[in-house]
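Subject: Structure handover

Hello,

Here is the structure for your files. My notes on it follow below.

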Amino acid sequence: MLKYFRSPVQLEKESIFLAMQKASKFAKGNVLDVGCGEKPYAHLFAGKITSYLGTDIDLGNSKHVDICADSLTLPIKTSSVDTVVSNQVIEHVKSPEVFLKEITRILRPGGTLIITAPQLWCLHEKPHDYYRFTRYALELLCVTNRLQVISLEERYGAFAAIAQMFALMVYLPNSQKRWRTHLSRLLFGPVQIIGFVLDKMFFNPDLTLGYVLVAKKSVQ
């Protein structure tokens with residue numbers, strides 16, 4: 001339980017990790033991580049794939065980035081990738097439609113997309129924070145790009161989402177002073193624990209931190 005006191009975004013972090021851990025079983029062949037950052041989930045694919053490369057427009061993570069590229073114009077051959085992974089990137093692209101179209105282009109027929117997207121989160125990476133997604137928006141993006149939805153699951157429900165937002169809002173205004181940061185832990189720690197427990201007891205999918213989508217490109 002100490003983890004909920006250490007990080008004010010523990011619920012978000014573990015929801016993405018658990019989602020990617022579960023979705024990794026769908027990965028195969030050569031994997032391209034679009035918007036890879038530091039490739040925090042690459043280890044989850046070990047033993048299931050043949051290669052793991054990452055693209056990113058931000059070279060601040062250059063030691064992890066294999067290809068510097070805009071995710072809307074990927075310098076990748078058409079139908080050359082078995083699996084595309086993208087975590088919490090789609091909200092930062094100016095055109096999600098083009099983003100999904102480009103991913104579909106580079107996927108082989110029968111290739112797999114694994115993507116996480118937020119439904120509820122505060123502004124971040126400003127000013128490049130443009131969208132939030134419902135499950136229906138993700139389904140629509142798939143339909144228009146010949147992607148068949150294999151799995152679309154919430155990353156926690158309403159109580160965890162509310163608790164996570166409370167924890168983050170308590171932490172942010174107190175993060176500049178060390179003593180206030182420590183004091184804020186006395187609030188955001190218990191709230192995240194309570195939110196986690198209530199979410200298990202009274203799961204409500206209509207409000208969620210976000211989704212993990214697994215989709216497959218049509219073979220036709």
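Which residue of strand 7 is the bridge partner of S151? The bridge partner of S151 in strand 7 is V214.

Before the rest, some conventions. This is a predicted model, in which local features need pLDDT of at least 70 and side-chain atom pairs count only at pLDDT 80 or more, while totals for chains, interfaces and linings use all residues. Residues are numbered from 1 along each chain as its sequence is written, and side-chain values use heavy atoms, with hydrogens and water left out.

Strand 7 and its neighbours

Buried here means under 20% relative accessible area (1.4 Å probe, protein chains only). Strand 6 (residues 147–154) pairs with strand 7 in the antiparallel sense over 7 bridges. Strand 5 (residues 107–118) also pairs with strand 7 in the antiparallel sense, over 7 bridges; T112 has K216 of strand 7 as its bridge partner. Two strands count as paired if DSSP finds at least two bridges between them.

The 7 strands form an open sheet in the order 3-2-1-4-5-7-6, with mixed pairing. Strand 3 (67–68) and strand 6 are at the edges with a single partner strand each, so one side of each has no neighbour in the sheet. Parallel pairing is found between strand 1 (residues 30–34) and strand 4 (residues 81–87), over 3 bridges. There, V31 has T83 of strand 4 as its bridge partner.

The whole chain

The protein has 6 helices and 7 strands, both taken as DSSP runs numbered from the N terminus (helices H or I, at least four residues; strands E, at least two). Along the sequence the pattern reads α-α-β-β-β-β-α-β-α-β-α-α-β. The radius of gyration is 18 Å, close to the 17 Å that the globule rule gives for 220 residues, so the protein is as compact as a globular protein of that length. That radius is taken over C-alpha atoms, and the rule is 2.2 Å times the number of residues to the power 0.38. The C-alpha trace spans about 55 × 40 × 35 Å along its principal axes.

Of the 220 residues, 50% are buried. Among contacts (heavy atoms within 4.5 Å) between residues at least 6 apart in sequence, 74% join residues at least 24 apart.

Regards
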